[in-house]
Amino acid sequence: MSPTAGSTGGANATKPKLAIFGAASCGGCDVAIVNIHEHIVDVANAFEIVLWPTVMDGKYSDIETMADGEITITLVSGSMRTDETVHLSKLLRRKSKFMVAFGSCASEGCIPGLANLSSRKQIIDTAFSTTSTDNPDGIRPIWECEVPEGILHLPEFEPVLRTLDQVVEVDYTIPGCPPESNQIWAALEAVVKALNGTGPLPPKGSVLGAGDSTVCDECARKRDVKKINRFVRIQQVAGFDPEICLLEQGLPCNGPATRNGCGALCPAVSAPCIGCYGAAEGVIDYGARLMSAYASVVEATTPEEIDKVLDGIPDPVGQFYRFSLANSLLRSGRSAWQNDGE
Amino acid sequence: MSTQAPVAPAPAEGTAPATTFEPVIIGFTCNWCSYRAADLAGTARTKYPPNVRLIRLMCSGRLDPTFVLKAFSEGADAVMVSGCHPGECHYIEQNYKALRRFQLLRRTIESLGIEPQRLQLVWASAAEGVRLAGEIARVTEEVRALGPLGWPVGNLVDIDDVDLDAAWQATGGDAGGPPPAPGGVNPDHAAETAQ
Amino acid sequence: MSGNGHQPTEGGPSVGVPAEGGPSVGVPAEGEIRIGVYVCHCGSNIAGVVDVVEVARWAGEALKDRGVVIAREYRFMCSSPGQDLITDDIRDLGLNRIVVAACSPHLHENTFRNATARAGLNPYLCELVSIREQDSWVHTDKAAATAKAKAILSGGVERVRRNTPLDAIIVDINAATLVVGGGIAGIQAALEIADAGFHVYLVEKDASIGGHMAQFDKTFPTLDCAACILTPRMVSAGTHPNVTLLTWSEVTHVDGYVGNFTATILKKARYVDESLCTGCGVCSEKCPKNVIDEVYEAGLGYRKAIYTPFDQAVPRTPVIDRQNCTYFEKGTCKACEKFCESNAIRFDQQDEEITINIGNIILATGYEIFDARRIAQYGYGRLPNVFTSLEFERLSNSAGPTNGRIVLRDGVTEPKTVGVIHCVGSRDRNFNNYCSAICCMQSLKFAHLVKEHTGATVYNFYIDMRTVAKSYDEFYQRVMEEGTLFVRGKPAEVTEAGRLPGEEGKLIVQVEDTLAGRQRRIPVDMVVLSVGLQPRADAKELATRFGISCSSDGWAIEKHPKLDPVATMTEGVFIAGCVSGPKDIPSSVAQGAAAAARVLGRIQMKQMNLEPIKASVHADNCSGCRICNTMCPYNAISFQVAAGVSSINAAMCQGCGTCVAACPAGAIAGTGFSDEQVLAQIEGLLKVGADGTPLKRSAFPEAHHEPIEEAVRA
């Protein structure tokens, strides 16, 4: 989408507003956006970027003073780990027409979601008292403390990490950790066309920048019927056949359950898919689908034989919920909510 | 293998103390064996505790781990899966798939902090009504001893089909006017609004 | 829409108060769900424990916003007036979903679905949930039972909201039938169908039909000669214009579904051209090779390498036993070929594979006998004069290896005393737990025959005397009167280690005589073991091949043990005779005829309705991972290479749903038990706590948040 004539410089006031916000994020999604290379110019021409903390300075008051719905589209990456991110998401929601859960953290919790296996205290204790932390006085964060300038509020750590759509209503989701840059551009381009009236507005709730099927659809490996008699870890086997399905070779590849759109980059280099593009269309618990699929094709009939094969996956939560724990049906481990405060 | 299992005595009417924890347990049964066994227990008026609520599936092979996790996330204290004995599945061999899914599911829920005894597997043929009743009684007592699970209410995934257009309109639609187009020209968005 | 209160009146039989405005209000807005709830008293069966009035009241109130428009309770919902409540409400109130809380769906699901259909609503929009077998009949705590009934009803309501209209699937029925097994049950079934004018393929793995019955001497209780009553049937089957007889053949593969099966049959080479052979028997006469006949003669006699199993064999065409034929071993002899006047010997004949299309299958593959060697203490196989029941039949049979003389293993000596042991391998937790049904009568028959042939003294060692059918007990009395001696006790062992006077050279049966209350050692010359019946060794394989289930023992499982003994759970496959469990000849014949009648009924209908519980793949969402490909025991799932997706043959799909659960992409949907329906039922069941109030839930903990107007739109 190339800029129309007469849209240079001072036409900012009539361009739709774009906000890009990283909540509890690693920054990788921002890098992925920038990785659309020259298309970033198209984006800058098409939108007025009103918030992008990674790239430019801005203040919360800039947002607070906007009218409701003034921002056309907000891309939120990162998860809702602190009360600040929750607050800002709600604020941005109010000020935005379209809210997009951008990337795996926002849409399903991603790796930080695995922190839901521990209670807040466990997390903070681990962060503040491991051997790599120099903390001889055993200091722990205090959410509110009095300092000469007044009361200092630290963003409080939420007991349970949440996804964006567990906090606000979300219009669209762009999955991936990070979303592939070509997919980011495709999604942005579609949005621009919709705003232009030259393309359809995707139905609310759609997943953009990804396919309707799973990674196997894009994977070039040859697939046969599945009869698994062992699961191995990638470091256990010397070489994998580059042409045959990884799952058939015993590598627990999450490709069959993971939405396509990434181009099956990992299986192409014999790395099993770990599921960063999230669940397939209509699936409400990603891990359940994987567990069902894997267990169904194990070639064993007695409990002992079955256990032997399943022992090849020593960390089931890591295997099945690596990215998606926070928006699975259970959302967390028990201690996150039961032992909060202990 | 005993075909007569002791059935826990049902609490006498009106004397159950208010403080006794009554677990709520979801049981999945298969149409041909375990559901018929439950029916048989009923016809024989075999008594067992009222804590298990049964769902009929055509086959234990239909058991999707999603169902089990859904039950826990909706507040069940335990889940019982039952089907035909291995080798006797009405659909030949589907209960083996159920067995494998059960074993994998059990490991995973244990890693999530749910005691593995909250997920139980019971095989029962259509003739084993009394035995199934005994197993239900046993599972109930085991779960009672574990105490409530009480998983909190999560973000309920609404599985009603949402009329997306209507939802869009209900939230105000384009009440704020069409957004300005990129590049400065403000086109008419008649295509996507009801105006 | 349902802003109006719809409460059933207090007390008395059902009267729900419909929405104000009458019938016109009953027209549902597009997409609106309008549910009618009907709670059955079932007399006092349910109402005696569950407060059905309260449950209906509760449903009308608490489930109003779940679409319940009317909630009624009634004494007997399955009665005509009960069903009328449903049909009237559908018409008057525009209901589009029905939930009945009553007995088990296995009893009345069809009743209520038919009522729903009569009112013009798709029958699959009606659900029946059980609050009787699973609630009122099994719980005594009324409060808990009432709470559970509410939960069950809530589950049903949530589920029915996700029900979609479905149409039964109609299939054509091929008029040809396959009968597997040419014993008395299979022959009976084949003749009934053939006489009715329809074609039957009768497949038998041995060289002749007749089964075990052809080996017997006399049959109880009438002492008819087995061959005399069997062979006319065999001849009819062999010559019937509507029967294609395939002996020395086995069914190797079955595909398809009711009305449309395809079976592959391996016709083993006989090395004799059936079309030329006249059955004169010269080839067997001239064949120089004698072989112990392990099958028909139970190892007691000989046959030749080219042979017909017995004189009255149908067909008369002999077979060559390759393993023992001099020509196949060394390339010489060929005496049969030399002497055959019809030039029918064909050493180069090959096995043939035949494919047939049939509409229904009857399995009548019979039984095997228990291997008595497993009970070492009875000495079978070690002590020469211990015989099995089948061996005894051959001895007693006048066409048998001893021409009907009941003699010891030396072939010459007649026994002076004979012991018959009942329940060998049956009613025994170490071997087979069940009773083999025919052994008591068989043992009495043996006692009678021994007396008749030899005048010997006979002891019958029994646990209980099971002589249940017509004329059976009278036969027992007759055998008693003939002077047979009965000892109630299970022998501990049969030994030749005699130590008391009178025991040398004899077999001693050591037994506790439980009526006399003492141990006894009874010296006999011959022991006959009434061995139990077992499923065939390949029973489970057979069951898998035909798509039916069998118990862990190996007996085929009938659809219902009392009400449907010849059908299986697999539509189109029936069972008859001992394949489903030990039984006597009259019962096997009755089952053969019953199975035939069922098949004839299907053929007459020409078409059949199948339950629309089927799985299907959404090709758009399928990535071709092929995980589902091994999920189907009916081979309904195949991979379409060109399209790169898997697909399901709806006709072959039996609706188990295993593939639906297995698909990692959630791309397979199953009607009748969809994800949405089951998940909704779970939600519904868990809305109600153990005490009938809403289940107490807590929320996930959150950090303290500064108040902000909620940032959700509108």
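**Figure 1. Domain 1 and domain 2 of chain A, whose C-alpha centres lie 29 Å apart.** The model is predicted, with local features requiring pLDDT of at least 70 and side-chain atom pairs pLDDT 80 or more, whereas totals for chains, interfaces and linings use all residues. Side-chain values rest on heavy atoms, without hydrogens or water, residues are numbered from 1 along each chain as its sequence is written, and chains are lettered from A in the order in which they are written. The domain assignment, automatic or from a database, places 11-112 + 159-195 of chain A in domain 1, 125-158 in domain 2 and 215-311 in domain 3.

**Figure 2. The surface buried between domain 1 and domain 2 of chain A.** About 620 Å² is buried between the two domains, with 54% of it on carbon and sulfur atoms; buried area is the accessible area (1.4 Å probe) that two parts lose on being put together, summed over both. A:Arg81, A:Asp83 and A:Pro159 contribute 63% of the area that domain 1 of chain A buries against domain 2 of chain A, more than any other three residues.

**Figure 3. The salt bridge between A:Arg162 and A:Glu158.** The closest N and O atoms of this pair are 3.5 Å apart; a salt bridge requires a side-chain nitrogen of Lys or Arg within 4 Å of a carboxyl oxygen of Asp or Glu. One salt bridge is counted between domain 1 and domain 2 of chain A.
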